[in-house]
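Morning, everyone. I'll keep this brief. Please have the structure up on your screens while I talk.

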Amino acid sequence: MNDCLFCKIAAKEIPSDAVYEDEHVFAFRDINPQAPCHVLVIPKKHITHLADAQPEDQAVLGHLMLICANIARMDGVEASGYRVALNTNRQAGQSVYHLHAHVLGGREMGWPPG
Ligand code: 5GP
Ligand code: ZN
């Protein structure tokens, strides 16, 4: 999509600290980390947010979840615990409108989230 920050990061038009890439997803470290492990995992296809996901996106979103688990394992937070979050729309705090899963770990997490 034209003018989407995360499409540009996935296309490497904007540099990022990439941790994983395959045909369908791209993962990179958050520029403003909220935990020792804070990785964003995005589909290469532009999907605005979870609310816009379609039945044809099912396979890529399932794949994206498994990649989140692999990244948590690679970053060493699997045993201690981690959270995968998809902020959707304003009240949830979505600021970039290209679907992304936050993988957060390496510290104690509160519940419910703020
Ligand atoms: P949201 O608030 O939409 O759930 O999450 C967007 C995330 O993207 C934020 O955690 C923010 O720090 C991160 N972010 C925003 N711009 C950039 C960028 O240019 N590079 C990287 N690596 N992360 C970004
Ligand atoms: Zn996009």
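Start with glycine 93. One of its polar backbone atoms is 2.8 Å from an oxygen atom of ligand 1. A word of caution: this is a predicted model. Serine 95 also uses its backbone. A polar backbone atom there sits 2.7 Å from an oxygen atom of ligand 1. Asparagine 87 uses its side chain instead. A polar atom of that side chain lies 2.9 Å from an oxygen atom of the ligand.

How much of ligand 1 does the protein bury? On its own, ligand 1 exposes 520 Å², and the protein buries 82% of that. In total, 16 residues surround ligand 1.

Hold on to His102. That residue belongs to strand E5, residues 101-105. Is E5 buried or exposed? Five of its five residues are buried, so the strand is largely enclosed by the rest of the structure. Look at the two faces. On one side you have Ala101, Val103 and Gly105. On the other you have His102 and Leu104. Both faces are covered.

Now, which strands pair with E5? Take E3. E3 and E5 run antiparallel, with five bridges between them. For a landmark, find valine 41, which stands opposite alanine 101 in E5. Then take E4, residues 82-85. E4 is also antiparallel to E5, and four bridges join the two. The landmark here is tyrosine 82, whose bridge partner in E5 is glycine 105.

Next, the metal. Ligand 2 is a zinc ion. Which residues hold the donor atoms? There are two cysteines and two histidines: Cys4 and Cys7 through SG, His46 and His98 through ND1. These donors lie 2.0 to 2.3 Å from the zinc ion. The angles among the four donor atoms are 106 to 116°, and the site is tetrahedral.

Along the chain, the donors follow the spacing C-x2-C-x38-H-x51-H. Cysteine 4 and histidine 46 link distant parts of the chain, 42 residues apart. Cysteine 4 is in the segment before helix H1 (5-10). Histidine 46 is in the loop between strand E3 (37-43) and helix H2 (58-74).

One last point on cysteine 4. Its relative accessible area is 7%, so it counts as buried, the cut-off being under 20%.

Technical notes. Residues are numbered from 1 along each chain as its sequence is written. Chains are lettered from A and ligands numbered from 1 in the order in which they are written. This is a predicted model: local features need pLDDT of at least 70, side-chain atom pairs count only at pLDDT 80 or more; totals for chains, interfaces and linings use all residues. Side-chain values use heavy atoms; hydrogens and water are left out. Donors are N, O and S atoms within 2.8 Å of the metal (3.2 Å for Na, K and Ca); water is not among the atoms, so sites may look incomplete. Four donors count as tetrahedral if all angles lie between 85 and 135 degrees; four count as square planar and six as octahedral if opposite donors are over 155 degrees apart and all others between 65 and 115; anything else is irregular. Buried means under 20% relative accessible area, exposed over 50%, partly exposed in between (1.4 Å probe, protein chains only). A residue is near a molecule or strand if one of its heavy atoms lies within 4 Å of it. A polar contact is a pair of N or O atoms within 3.5 Å; within protein, one must be able to donate a hydrogen and the other to accept it, and residues adjacent in sequence count only if both atoms are side-chain atoms. Accessible areas come from the Shrake-Rupley method with a 1.4 Å probe; for residues, only the protein chains shown count as cover. Two strands pair if DSSP finds at least two bridges between them.
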